[in-house]
Structure formats: C-alpha cells, structure tokens
Amino acid sequence: MKTVKLSSERLGVSNKQPSGKIKMSARDVKVFYGESEALHGIDMDIYENEVIAFIGPSGCGKSTFLRCLNRMNDTIDVAKVTGQVLLDEQDIYDPSLDVVQLRARVGMVFQKPNPFPKSIYENIAYGPRLHGLVETRREMDEVVESSLRRAGLWEEVKDRLDAPGTGLSGGQQQRLCIARAIAVSPEVILMDEPCSALDPIATSIIEELIDELKGSYTLVIVTHNMQQAARVSDKTAFFHLGNLIELNKTDEIFTNPQDKKTEDYITGRFG
Amino acid sequence: MSNLMLAGVLLMLLALAYQLGLTRSRKLTTDLSGQKVRLHSRPVYHGALVAFWTVVPAFGVFLLWRFIQPGVINQMIIAQLPEAIMAGMTDSDMRVFLRRITHLSSGFGLSDQPQPHELQAAELLSVLQVRGHALMLALMASLAAAGLYFSWQQIHPDLRARNQMERVVKVALIACSSVAILTTIGIVLSMFGEAMRFFAFVNPMDFFFGTTWNPRFQTAGTEGQTGFGMLPLLWGTVMIALIALLVAIPVGLMAAIYMSEYAPSRVRSVAKPIIEVLAGIPTIVYGFFALITVGPFLSSFGATFGLDIRATSALTAGVVMGIMIIPFISSLSDDIITQVPRSLRDGSLGLGATQSETIRKVVLPAALPGIVGAILLAASRAIGETMIVVLAAGNSPVLTANPFEAVSTMTVTIVNQLTGDLDFASPQSLVAFALGLTLFVITLLLNVIALVIVRKYREQYE
C-alpha cells in the first residue's frame with residue numbers, strides 16, 4: 001500500500017527543504033539533431049527538492065536539455081544524446097535502464113496543456129493504472145482525489161469527475177496535467193514552459209501551485225518569463241546558443257550576474 | 001453549318017472579341033492630350049469581359065435550342081397529321097411513327113414501304129429542321145454581335161471589368177459543381193422511375209422480404225415458381241462484405257499503426273505507396289486471382305481439415321475483396337492516426353507508458369471515430385463491388401448461412417438481369433433497377449454515417 005501512504009502524506013503540509021543531496025547530474029551532455037549540434041556539453045547538478053529554472057532566448061537549448069532528463073528526446077527520430085545523466089547516481093542512458101520506469105520517476109508537464117480525450121478521473125487514473133500502483137477502486141479514488149487536491153483543482157472539478165478533461169479551461173487543463181504527473185508519485189517533475197499558453201490569472205495560479213509543490217519534489221522549470229523564474233525558483237540556469245552560461249542562486253543571478261551575456265539578457269538587451 | 005464548325009467559329013469569335021476588348025482598353029490608357037489615365041481594371045479583364053459577352057449568350061442559345069427544338073418540331077408534325085390517322089394511334093404507335101419519319105428524313109430508309117402520310121411528314125420534318133437551324137444561327141449571330149458591340153462600347157477607364165470577371169468565375173464554378181450534384185439526382189430519379197415500373201409488376205413486400213430468388217419467365221406449368229425476393233441477394237452481399245471486413249480491418253489497421261507509429265520515415269515512404277497500389281489493381285484482376293489462386297487454395301486448405309469449401313464461395317470472394325479494401329482502411333486510418341496531436345503521445349510517454357500502451361490507450365481511442373469512418377467507407381466499397389463476386393462467389397442465389405457455399409449478391413444479379421436478350425419492359429430486367437436503387441440507398445446511408453463521424457472527429461482537434 002505504498003501509494004496510499006504516499007498520498008496521505010501528500011495531504012499534509014510538507015516541510016521538506018532542499019536536503020543538499022544531488023538528485024540529478026549531467027556531465028558533458030551533447031544533443032545532435034541529425035548533423036547539427038544543439039547542445040555543446042552541459043554540466044549541471046540539480047539538488048533534491050529544489051526548484052531550478054532554465055531561462056534563455058528561444059532556441060538556446062533549454063527545452064532540449066530538459067527533455068534529456070527523462071529521455072523524451074528518444075521519441076524524436078533524428079535526435080542523438082551523448083554524455084552522462086545521473087539520477088540518484090544511476091546513469092539514465094544506461095542500456096539496462098528501463099526508460100518506462102525512468103519516466104515514472106521523472107514526470108513531465110508540457111508547454112501546451114495536453115489532457116487525454118478521456119474523463120477527468122481517467123486522466124488522473126491513467127498513470128497509476130499503467131504502473132499498477134493501486135489495486136482497488138477505493139485506492140484509485142483516493143489517489144485521484146489527493147492528486148487533484150495537490151494540484152488545487154479538486155474543489156473545481158469534484159462534482160464532474162466524469163466530464164471530459166478537454167472541456168476544462170486552459171489553466172484548469174494545465175493543472176489537470178500537473179495532477180496527472182503527480183499521480184504516479186514522481187521524484188522529479190520537469191515543466192516545459194508550463195504557463196506559456198495561459199492567461200495571467202491562470203499563470204499566477206500555476207505559480208502558486210509550483211510554490212506549494214516546492215519541497216516535496218525536485219522541480220525543473222523552463223520558462224521564457226524572467227519574472228516567473230525570479231518568483232518561483234531557488235536556482236536559475238541561463239542558457240545561450242546551446243551552452244550553459246551561468247547557474248547560480250536565483251537572487252544572485254538577477255541582482256549580481258557574473259557573466260556579461262546573462263546581464264544583457266536579464267536586463268532585456270537581447271532575447 | 002455543322003456543330004463542329006459552329007464550335008470553331010465560336011472559338012474564333014472568342015479570340016477576336018478578346019483582342020478587340022484588349023486593344024480598345026489599351027488605347028484608353030492615354031487620353032487625347034497624351035496624359036496617362038489609370039484604368040480601374042487591367043486590359044486583360046476588359047478583353048475577357050468582351051469575349052464573355054460575345055460568346056457565352058450565343059452558346060447558351062445554342063444549348064437551349066438543341067434541347068427544345070426536337071420536341072417543338074414533333075408537336076408541329078403531329079398537329080398537321082390527318083384526323084383519320086391520328087384517331088387509331090396509341091402512344092407507342094406514335095413513338096414508332098416518329099422514329100420512322102426520322103429515319104426517312106435522314107435518308108436512312110425503312111425496311112418496308114413508307115405510307116404516303118409518313119413521306120409527307122418526313123418531308124415536313126426536314127424542312128422544319130433546316131428552318132430551325134437557320135433560325136438558331138441567326139439568333140446566335142445577332143446575340144454575338146450585340147454582345148460584342150455593347151460590351152465593347154462599355155469599355156471605360158472606370159469600368160469594373162475585374163470585379164465583373166470575378167462574378168463570372170464564381171458562376172462558372174457553381175455551374176460545375178451543380179453538374180456533379182444534378183447528375184447524382186438524375187441517376188437516382190431514373191433508377192427510381194424504372195424501379196416504380198418494376199413495382200407495378202411485383203409487390204414491394206414480396207421484393208423486400210421474399211426469400212426466393214427465381215426470376216424466370218412464367219410459362220405453362222411454372223406458375224408459383226417465380227420469385228423476386230431480394231433477401232438471398234442482400235444476405236449474400238452482406239455476408240461477403242462482412243468476410244471482407246473481417247480480413248481487412250485487422251490487417252489494414254495493424255498496417256496503419258505500423259506505418260504511422262513504428263516505421264522509420266524511409267520505410268514509410270516506400271511501403272505506403274506499395275500498399276496503395278493494391279487499390280489501383282483493376283477489380284477484374286482480383287477476380288482472376290480469386291478464381292484461379294485463392295479459391296482452389298482455400299478449397300484444398302479446407303480439405304485438410306475435413307471441411308468442404310467450394311472453390312467459388314462466399315469465403316473466396318470475401319477474402320479477396322478483403323485484400324482489395326485493405327488500402328482503403330490502412331491509408332485512411334494512417335492519415336487519421338497521424339493527425340492525433342503529438343502532444344497527446346508525449347503526455348502518455350511522459351507518464352511512463354510504453355509505445356504500445358500509448359497507442360492502445362490514447363492514440364487509438366482518440367482516432368477511433370475517424371477509423372470507424374474509414375471502415376464504413378471501405379464497407380460501402382465492398383458492398384458495391386461487382387467483378388470479384390461475379391467471378392468468385394459462385395452465383396447461386398440461395399439463402400444460406402454457410403460461407404463455404406456459393407452465394408450471389410445484388411451486384412452480380414444486376415449484371416445477370418441486364419445482360420442477354422431481354423425485353424427491357426419485363427420485370428426480369430426491371431428488377432435490376434429496384435436492386436440498384438436498394439444498393440444505392442444502402443451505400444448512401446453508410447457513406448453519410450461515415451462522413452458524419454469523420455466530421456465530428458475533425459472538430460475535436462481544430
């Protein structure tokens with residue numbers, strides 16, 4: 001009954017803080033799309049239960065690097081990844097590793113809300129059912145409820161769990177997708193510009209949600225919005241032309257950038 | 001003047017009128033004092049407009065005249081026939097009479113000696129035809145001249161020739177689509193008329209619900225043996241189509257899933273056209289294939305299991321027809337599966353689903369309405385298919401549930417009833433129209449349902 005315990009634990013307020021333990025680390029990660037090199041060797045450590053934001057101009061490779069962290073680049077025919085990515089000191093590109101289980105541990109929320117054309121309930125139940133996390137209908141009900149509560153959507157949808165997920169508003173859909181990711185109890189959640197398709201109100205709700213999730217999960221967020229990075233993240237990484245230029249505490253990056261390019265970008269001189 | 005020459009003259013007139021319009025409008029670009037004048041429309045539009053007004057009304061008169069003249073002339077001839085002859089004529093006599101004088105006047109001659117009143121009428125017919133033609137030419141010429149003159153006169157820097165041509169184009173497009181629609185309606189009406197004539201002989205209840213198909217001529221001693229019951233044929237059609245779908249749905253769908261989800265783009269770009277070649281093979285070739293290869297194979301294959309499968313049977317025809325409709329299902333489903341947004345797949349894969357789980361639980365449910373539409377389209381194709389069943393189904397119109405037996409279908413029966421030496425007014429051949437109409441209604445319904453489903457599916461992702 002591992003999941004049930006986990007979900008009741010989630011209902012309480014989590015006080016976990018960044019533990020200082022390295023959750024994921026990348027060493028000399030390069031990505032090739034066919035002949036062209038999109039990432040030129042990235043080194044990065046991501047600590048447990050911290051929120052790290054990737055910023056940078058369009059095409060700088062931040063999304064590409066994000067997709068390396070749960071091997072979503074595998075689904076693109078021409079993409080090839082070299083280097084090493086460790087999750088809890090285990091190489092995720094090791095042939096013996098099961099990519100399906102990796103993606104259950106490292107969940108992902110996409111740029112455009114992409115609920116399945118199924119009911120709200122089925123959207124959440126999809127992952128737990130795939131991985132056999134629950135056995136009875138009652139346990140499933142609990143997981144669905146706790147995931148939706150976690151994503152701040154429960155009060156809005158509890159009376160219409162059988163309604164199609166595609167019928168929700170954009171912001172609700174995105175929270176549904178976050179709830180869907182939470183339902184499989186991932187350790188790391190990757191968010192690829194989760195607010196870029198949303199209006200300002202929906203965006204602020206998602207940002208509050210990210211704030212609540214902080215401490216329970218390791219969160220990696222790609223964003224175009226520098227205020228958003230400043231608001232939600234502990235650390236910020238600045239990417240430019242396929243290179244990691246600077247990675248530091250968020251307030252350091254925004255008040256005292258070390259690199260000239262970072263400074264130019266955050267002061268709006270290019271990008 | 002023959003019609004071909006007339007067409008040539010019209011074409012020349014078209015070119016001439018265009019040139020005239022073009023030249024006049026070009027001249028207008030500078031006024032008397034040598035100043036540049038801006039035309040509202042470029043000279044080509046002025047030319048086209050003049051050409052349009054010169055040729056199109058004249059051509060319209062030509063079409064209308066051709067359509068109306070024969071009827072009018074026949075009426076005139078009948079009107080002058082002596083009372084004594086008219087009195088003894090029935091409708092069919094009248095038709096024969098009109099055909100005879102047409103032959104006489106065209107110099108075709110008759111097998112027997114023409115009657116004096118026929119000769120007289122034939123002479124009148126020739127005269128009327130010549131006059132009618134001359135009248136038509138005169139009318140066309142005057143219309144063309146008037147059109148040319150007035151539209152040429154109208155050319156002016158401010159004339160909105162461009163906008164007017166736009167309207168002409170729109171009307172032409174509407175006319176072309178009406179041709180397609182009117183043809184469909186015409187086919188239905190003509191089938192409907194003939195089918196009604198059939199139902200004058202046979203009770204519709206006996207036709208739609210009768211279980212005996214035996215449309216022979218009634219002679220002494222065979223009363224009560226004839227039957228125009230459609231059910232054995234309908235059942236044969238349905239059974240063969242079902243067998244075809246049983247073959248084509250799994251194979252076509254799996255092929256589509258492989259093509260859209262698994263195949264590398266190189267394989268896909270080669271394999272997909274090859275599968276589609278199946279759709280281009282003439283159905284008569286499938287018929288040979290069924291008769292010579294598949295039938296004997298199934299027969300001997302069944303024999304090894306102690307099954308008695310006839311070489312020409314519902315099974316043979318169904319299997320081969322299934323192969324024929326594979327590309328309809330695979331190609332359409334492939335397009336539909338590819339249309340399912342990538343974000344849905346990513347969402348499922350990102351939750352840790354395998355590729356086949358993603359296909360089964362997310363992609364196929366999302367694509368299902370479209371796939372059902374594809375299957376229904378393939379089914380209506382299977383129901384209307386003729387050549388394969390003519391050759392391979394065995395042509396035995398009995399009501400049987402055994403797919404290893406020979407059956408017959410509606411299409412095969414239509415062919416049988418309409419070929420050979422038959423009187424077109426007898427129920428034996430008229431029944432073909434009733435069958436055709438039924439078949440048309442069935443496939444129409446299937447197509448409508450398929451289209452509705454496909455359209456609903458499209459809306460989901462737009």
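Which residues have the most contacts inside the largest nonpolar core, and how many residues does that core have?

Author: This is a predicted model, in which local features need pLDDT of at least 70 and side-chain atom pairs count only at pLDDT 80 or more, while totals for chains, interfaces and linings use all residues. Residues are numbered from 1 along each chain as its sequence is written, chains are lettered from A and ligands numbered from 1 in the order in which they are written, and side-chain values use heavy atoms, with hydrogens and water left out.

The largest nonpolar core has 76 residues. A nonpolar core here is a set of buried Ala, Val, Leu, Ile, Met, Phe, Trp, Tyr and Cys residues joined through side-chain atoms within 4.5 Å. Buried means under 20% relative accessible area, exposed over 50%, and partly exposed in between, with a 1.4 Å probe and protein chains only. The residues with the most contacts inside this core are F198(B), F207(B), I240(B), M321(B), I325(B), I337(B) and L435(B). Helix 13 of chain B, residues 355–384, gives the most to the core, with 13 residues. Helices (H or I, at least four residues) and strands (E, at least two) are DSSP runs, numbered from the N terminus.

Take I325(B) from that list. Leaving out residues up to four places away in sequence, I325(B) touches A244(B), L245(B), A248(B), A378(B), R381(B) and A382(B), where contact means heavy atoms within 4.5 Å.

C195(A) is buried, at 8% relative accessible area. C195(A) is in no disulfide, and the nearest cysteine sulfur, that of C177(A), is 12 Å away. A disulfide is counted when a pair of cysteine sulfur atoms lies within 2.5 Å, and the count over all chains comes to zero. C60(A) is buried too, with a relative accessible area of 1%. The closest cysteine sulfur to that of C60(A) is in C68(A), 13 Å off, so the two are too far apart for a bond.

Chain A also has paired strands; two strands pair if DSSP finds at least two bridges between them. Strand 1 (residues 22–33) and strand 4 (residues 79–87) of chain A are antiparallel and share eight bridges. In this pairing M24(A) stands opposite L87(A) of strand 4. Strand 4 of chain A is also joined to strand 5 (residues 90–91) by two bridges, again antiparallel, and L86(A) has D91(A) in strand 5 as its bridge partner. These two strands form a hairpin with two residues between them, and D88(A) in the turn has a positive phi of about 50°.

Two loop residues of chain A have a positive phi without being glycine. N49(A), at about 60°, sits between strand 2 (36–47) and strand 3 (51–55) and is buried at 7% relative accessibility. E193(A), at about 45°, is in the loop between strand 7 (188–192) and helix 8 (200–213) and is buried at 9%.

Back in chain B, V340(B) lies in the loop between helix 11 (314–339) and helix 12 (342–350). V340(B) is buried, with a relative accessible area of 1%.
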